[in-house]
Amino acid sequence: MKWTEEYSTGDDEIDRQHRSLFEYTADFQEVLTAGHGEGAYDGFLEFLSAYVKIHFGYEEQCMQAARCSAACRNKKEHGHFLTLLEEETARYQAEGYSHEAATALLDMIDDWLASHILRVDTRLRDSLADRG
Ligand SMILES: [Fe+2]
Ligand SMILES: [Fe+2]
C-alpha cells in the first residue's frame with residue numbers, strides 16, 4: 001500500500017506514522033511473497049502490535065484535543081483492530097506459523113488501514129481546520 005494525499009489527516013505526525021505502517025506492512029508482504037514469512041512473522045507481530053499501540057494512543061489524544069466528532073468511533077475501531085491482531089498472535093503462539101493465516105492477516109491489515117483512515121482518521125482534518 002502507498003500513502004497518498006487522500007489519507008491526509010491534517011496532522012504531520014499522524015501522517016508520518018501512517019506512512020510507516022504502510023511501508024512496514026508492504027515490506028513484510030515482500031518477505032511473505034519471497035517465502036521467508038516464517039522466520040520474520042514473530043518479529044512482525046511484535047513490532048506491529050507495539051507500533052499501532054503508540055500510534056493509536058497518539059491519534060486518540062489528537063482527536064480528543066481537537067474535539068473531533070469521530071474520536072469515539074476512532075477508539076472503538078482501534079480496539080477492534082487490536083483484538084483481531086491479538087487473536088492471530090494467540091493462534092500463532094498455539095499452532096505455529098501458517099502462510100495462509102499470515103496472508104489473511106496482511107490482507108485484513110491493508111483493508112482495515114485504508115478503510116479506517118479514509119472514514120475515521122481523516123475526519124481530524126476538518127476538526128483541525130475548524131479550530132484554525
Ligand atoms: Fe485511527
Ligand atoms: Fe490512524
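This is a short tour of a predicted model, one selection at a time.

**Start with the whole chain**

Show the protein chain as a cartoon. It holds five helices and zero strands. Read along the sequence, the pattern is α-α-α-α-α.

Colour by burial next. Buried residues account for 17% of the 132 residues.

**Select helix 2 and helix 3**

Pick residues 37–65 for helix 2 and residues 71–95 for helix 3. How do their axes cross? The angle is roughly 170°, and the axes come within 10 Å. Helix 2 is therefore roughly antiparallel to helix 3, since the angle is over 145 degrees.

Show the side chains where they meet. From helix 2, select Tyr41, Leu45, Leu48, Ser49, Val52, Phe56, Glu59, Glu60, Met63 and Gln64. From helix 3, select Ala71, Asn74, Lys75, His78, Phe81, Leu85, Thr89 and Tyr92. Colour this contact of helix 2 with helix 3 by class. You will find 10 nonpolar, five polar and three charged residues.

**Stop at the loop between them**

Select Arg67. This residue sits in the loop between helix 2 and helix 3. Arg67 has a positive phi of about 50°, although it is not a glycine. Is Arg67 buried or exposed? It is exposed, because 10 other C-beta atoms lie within 10 Å and the limit for exposed is 12 or fewer.

**Move to helix 3 and helix 4**

Helix 3 and helix 4 pack with their axes 11 Å apart, at an angle of about 175°. That makes this pair roughly antiparallel.

On the helix 3 side, the contact uses Arg73, Asn74, Glu77, Phe81, Leu84, Glu88 and Arg91. On the helix 4 side, select Ala101, Leu105, Met108, Trp112, His116, Val120 and Asp121. By class, the contact of helix 3 with helix 4 has seven nonpolar, two polar and five charged residues.

Zoom in on Leu84, in helix 3. Leu84 counts as partly exposed, because it has 13 C-beta neighbours inside 10 Å. Draw a distance from Leu84 to Met108. Their C-alpha atoms are 9.1 Å apart, and the two residues are separated by 24 residues along the chain.

Go to the loop between helix 3 and helix 4, and select Tyr97. Tyr97 has 13 C-beta neighbours inside 10 Å, so it counts as partly exposed. Which residues does Tyr97 touch, not counting those up to four places away in sequence? Glu38, Tyr41 and Tyr92. Tyr97 and Leu32 lie 65 residues apart in sequence, and 12 Å apart in space from C-alpha to C-alpha.

**Bring in helix 1**

Helix 1 brings Ile14, His18, Leu21, Thr25, Phe28, Gln29 and Leu32 to the contact. Helix 4 brings Ala102, Thr103, Leu106, Ile109, Asp110, Leu113, Ile117 and Asp121. Together, the residues of this contact divide into nine nonpolar, four polar and two charged.

**Finish at Asp121**

Select Asp121, in helix 4. You have met this residue in the contact with helix 1 and in the contact with helix 3. Why does Asp121 count as buried? Because it has 26 C-beta neighbours inside 10 Å, and 20 or more is enough.

Show its surroundings. Leaving aside residues up to four places away in sequence, Asp121 touches Thr9, Ile14, Glu59, Asn74 and His116. The C-alpha atoms of Asp121 and Ser8 are separated by 8.5 Å, although the two are 113 residues apart along the chain.

Methods: Residues are numbered from 1 along each chain as its sequence is written. Chains are lettered from A and ligands numbered from 1 in the order in which they are written. This is a predicted model: local features need pLDDT of at least 70, side-chain atom pairs count only at pLDDT 80 or more; totals for chains, interfaces and linings use all residues. Two residues are in contact if their C-beta atoms, placed from the backbone, lie within 7 Å. Helices (H or I, at least four residues) and strands (E, at least two) are DSSP runs, numbered from the N terminus. Ala, Val, Leu, Ile, Met, Phe, Trp, Tyr, Cys and Pro count as nonpolar, Asp, Glu, Lys and Arg as charged, and the others, Gly among them, as polar. Axes are lines fitted to C-alpha atoms, for helices over the stretch in contact, and angles run from 0 to 180 degrees between N-to-C directions. Angles under 35 degrees count as roughly parallel, over 145 as roughly antiparallel, 65 to 115 as roughly perpendicular and the rest as oblique.
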